[in-house]
Amino acid sequence: MMDGPSGKEIRESKLIKLYQIIDSTCCMKVRFGLAEKRIAFDSVIVKSHQFEQMRDDYRALNPYGFMPTLVDGENVIIQSSVIQEYLDERFPEHPLRPATPTGRAKMREWMRCEEEFLFKLVGTLTFHLMIKLRPQAYGLEQIQAWADEAPDRARAAIYLKGMTAPSDPVAVREAEQGFIPHLARLEKQLIAGGGPWICGADFSLADISVASIVDRLEDLGRTFLWADLPQVTAWYARIKDRPAFASAIASPEDRLWGPNKPVPLAAVAST
C-alpha cells in the first residue's frame with residue numbers, strides 16, 4: 001500500500017459530502033481516512049461558533065447536532081468511527097482494516113479507546129484552553145446573538161454558560177493526567193505488535209483515530225505527555241510523514257485559538 005494519495009489516484013465521487021468543522025478531531029480523522037483511500041468529497045462547513053450545528057436544517061441530517069455527517073447519495077452516515085468503517089467497506093480499495101479477525105479486533109479496541117476515553121479527555125482540554133477563547137475573539141455580544149438565534153435555546157444556553165465561565169486549571173490537570181496510562185499502553189502496544197503501526201504491519205483506522213487526538217494534543221502544547229515514550233514519538237513522526245495526514249490536518253488559519261495560536265488583538269470578523 002502506498003503511503004499517500006497522488007492526484008491521479010483520487011477517486012472522483014460527486015455523491016459524497018462531508019458536513020464538518022475544519023478544526024475538529026472527529027472531522028479530521030474522517031478526512032484522514034478519505035485521503036488515505038483516495039476518495040474525493042465535497043466539504044460543507046458548519047460554523048459551530050455560530051451554533052449552526054443546532055439549526056433545523058443540519059439537525060434534519062444529524063439529529064444529535066454533532067459533526068461530522070457524511071452524505072453518500074441518499075445515505076446519511078453519522079458518528080465518525082461508523083463513517084470510517086462505512087467508507088472502508090463502501091470503497092474496498094486501499095483497505096484500512098487489518099486482514100485478520102485478530103487484527104480487526106485490535107483495531108476496534110483502539111478505536112473504542114479513542115471514542116470512550118481519549119476524545120473525552122481531549123475535549124476537556126479543548127474546551128478549557130481553546131473554546132473559552134471565543135468570546136474574547138468575537139466579543140461576548142456577538143456570541144450571545146448567535147446563541148439567541150439557535151433553535152435549541154436550552155442547549156445553546158448551556159454551551160454559552162460553559163464557554164464564558166473561568167477556565168478550570170484542576171480539570172485541565174486531571175485531563176492531562178488521564179492521558180498518561182493510555183499513552184503508556186500505546187507504547188506497550190507498539191512494542192508488542194512489532195510496529196510500525198498500532199496493529200503491527202497494517203496501517204489502519206486505529207492509527208487514524210489515535211492520530212487525530214495526538215494532533216490536537218500537539219496543538220494544545222501537550223507534547224510533554226509522550227516526551228519519554230520513544231515508540232509513541234516515532235509512531236507519531238511516521239504518521240506526520242504520510243501525505244494523507246498532511247492533507248487532512250487543519251491549516252494554521254483554520255486552527256482554533258489556543259496555546260499555540262494566541263487570540264488576535266483586533267476583534268475577529270463575525271463570519
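Trainee: Leaving aside neighbours within four places in sequence, what is lysine 106 in contact with?
Mentor: Lysine 106 touches Gln189 and Cys199. Contact means heavy atoms within 4.5 Å. This is a predicted model: local features need pLDDT of at least 70, side-chain atom pairs count only at 80 or more, and totals for chains, interfaces and linings use all residues. Residues are numbered from 1 along each chain as its sequence is written, and side-chain values use heavy atoms, leaving out hydrogens and water.

Trainee: Which helix is lysine 106 found in?
Mentor: Helix 4. Helices are DSSP runs (H or I, at least four residues), numbered from the N terminus.

Trainee: New topic. How do the axes of helix 4 and helix 8 cross?
Mentor: At roughly 155°, coming within 9 Å. Axes are lines fitted to C-alpha atoms over the stretch in contact, with angles from 0 to 180 degrees between N-to-C directions. So helix 4 is roughly antiparallel to helix 8; that term covers angles over 145 degrees.

Trainee: Which residues make the contact?
Mentor: Among them are Lys106 and Trp110 of helix 4, and Phe179 and Gln189 of helix 8.

Trainee: What pLDDT does the protein average?
Mentor: 91, and 93% of the residues score at least 70. pLDDT is the predictor's confidence in each residue, from 0 to 100. Over residues 1-11 the pLDDT is below 50.

Note on methods: Helices (H or I, at least four residues) and strands (E, at least two) are DSSP runs, numbered from the N terminus. Angles under 35 degrees count as roughly parallel, over 145 as roughly antiparallel, 65 to 115 as roughly perpendicular and the rest as oblique.
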